[in-house]
Amino acid sequence: MLVLFRNVCAHNERLFSHKTYSEIPNTVLHKKLNISQNGTQYIMGKKDLFAVVIAFRYLLSREDFLIFKNELVKVIDRYLRKSSRISRGQLLDMMGFPENWRRITSYKKI
């Protein structure tokens, strides 16, 4: 899944709303963030940009992930300040981010 997102970046394609055909497995973070489900399938954080964030949470050191997360928050906030085309909720939804996504560092990634 990460390779597919990397290719989107390498080919200068639209990243924020990209969805892949492959998905990451369910994680403890999906459950702890109380991500909504359709039956037994989580509707966010499986094939979207939030899935990349979850993967980074597992792959990066805590310090590196916090740096990444802080930069991501800044990019999102900067975009929303400059654009009136989309609301915060709409943008987060398009990226596959739950409203409480910033709490991802509150939980252990067991």
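Predicted model: local features only at pLDDT ≥ 70, side-chain atom pairs only at ≥ 80, totals over all residues.
**Asp-48 and its surroundings**

Leaving out residues up to four places away in sequence, I have Met-1, Phe-5, His-18, Lys-19, Ile-43, Met-95 and Gly-96 touching Asp-48. I then checked where Asp-48 sits: it is in the loop between strand S2 (41-42) and helix H3 (49-59).

Next I asked myself: is Asp-48 buried or exposed? I find it buried, and it has no salt bridge. Lys-19 is the nearest side chain of opposite charge, and I read 5.0 Å for that separation.

What does the side chain of Asp-48 have by way of a polar neighbour? I found the backbone nitrogen of Gly-45, 3.1 Å from a polar atom of that side chain.

**Helix H3**

How many of its eleven residues are buried? I get eight, so I noted H3 down as mostly covered. The buried ones are Leu-49, Phe-50, Ala-51, Val-52, Val-53, Ile-54, Ala-55 and Arg-57. I was pleased to see an arginine, Arg-57, on that buried list.

Then I looked up what these buried residues pack against: helix H1 (2-10), helix H2 (28-32), H4 and helix H5 (88-95).

I took the H3 and H4 pair separately. Helix H4 covers residues 62-82, and I read an angle of about 155 degrees between the two helices, with axes 8 Å apart. Angles over 145 degrees count as roughly antiparallel, and that is therefore how I describe H3 and H4. On the H3 side, Val-53, Phe-56 and Arg-57 make the contact. On the H4 side I list Arg-62, Phe-65, Phe-68 and Leu-72. Val-53 and Arg-57 turn up here as well as among the buried residues of H3.

**Salt bridges**

I counted salt bridges next and got four. My notes on some of them follow.

Lys-46 pairs with Glu-23, and their closest N and O atoms are 3.8 Å apart. I checked where the partners sit: Lys-46 is in the loop between S2 and H3, while Glu-23 is in the loop between H1 and H2. They are 23 residues apart, and the pair links distant parts of the chain. Is Lys-46 buried or exposed? I have it as buried, because its relative accessibility is 5%. Glu-23, at 37% relative accessibility, I put down as partly exposed.

Lys-74 and Glu-71 make another salt bridge, at 3.4 Å from N to O. Both are in helix H4, three residues apart, about one turn of the helix. An α-helix has 3.6 residues a turn, so residues three or four places apart point the same way. I looked up accessibility for this pair too: Lys-74 is partly exposed at 44%, and Glu-71 is partly exposed at 41%.

Asp-77 forms a salt bridge with Arg-102, the closest N and O atoms being 3.5 Å apart. I place Asp-77 in helix H4 and Arg-102 in the segment after H5, 25 residues apart, and this pair also links distant parts of the chain. Arg-102 is partly exposed, with a relative accessible area of 37%.

I looked at phi for two asparagines. Asn-12 has a phi near 55 degrees, a positive value in a residue other than glycine. It is found in the loop between H1 and H2, and I note it as exposed, with a relative accessible area of 72%. Asn-34 likewise has a positive phi, about 55 degrees, although it is not a glycine. I find Asn-34 in the loop between H2 and strand S1 (37-38), and it counts as exposed at 66% relative accessibility.

Last entry: Lys-31, in helix H2. At 65% relative accessibility, I have Lys-31 down as exposed. I also looked up its separation from Tyr-42, eleven residues away along the chain, and read 8.9 Å between the C-alpha atoms.

Key:
Residues numbered from 1 in each chain as written. Heavy atoms only, no water. Helix = DSSP H or I, 4+ residues; strand = E, 2+ residues; numbered from the N terminus. Buried < 20%, exposed > 50% of the residue type's maximum accessible area, 1.4 Å probe, protein only. Lys, Arg positive; Asp, Glu negative; His and termini not counted. Polar contact = N/O pair within 3.5 Å; in protein donor to acceptor, adjacent residues only side chain to side chain. Contact = heavy atoms within 4.5 Å. Axes fitted to C-alpha atoms, helices over the stretch in contact; angles between N-to-C directions. Parallel < 35°, antiparallel > 145°, perpendicular 65-115°, else oblique.
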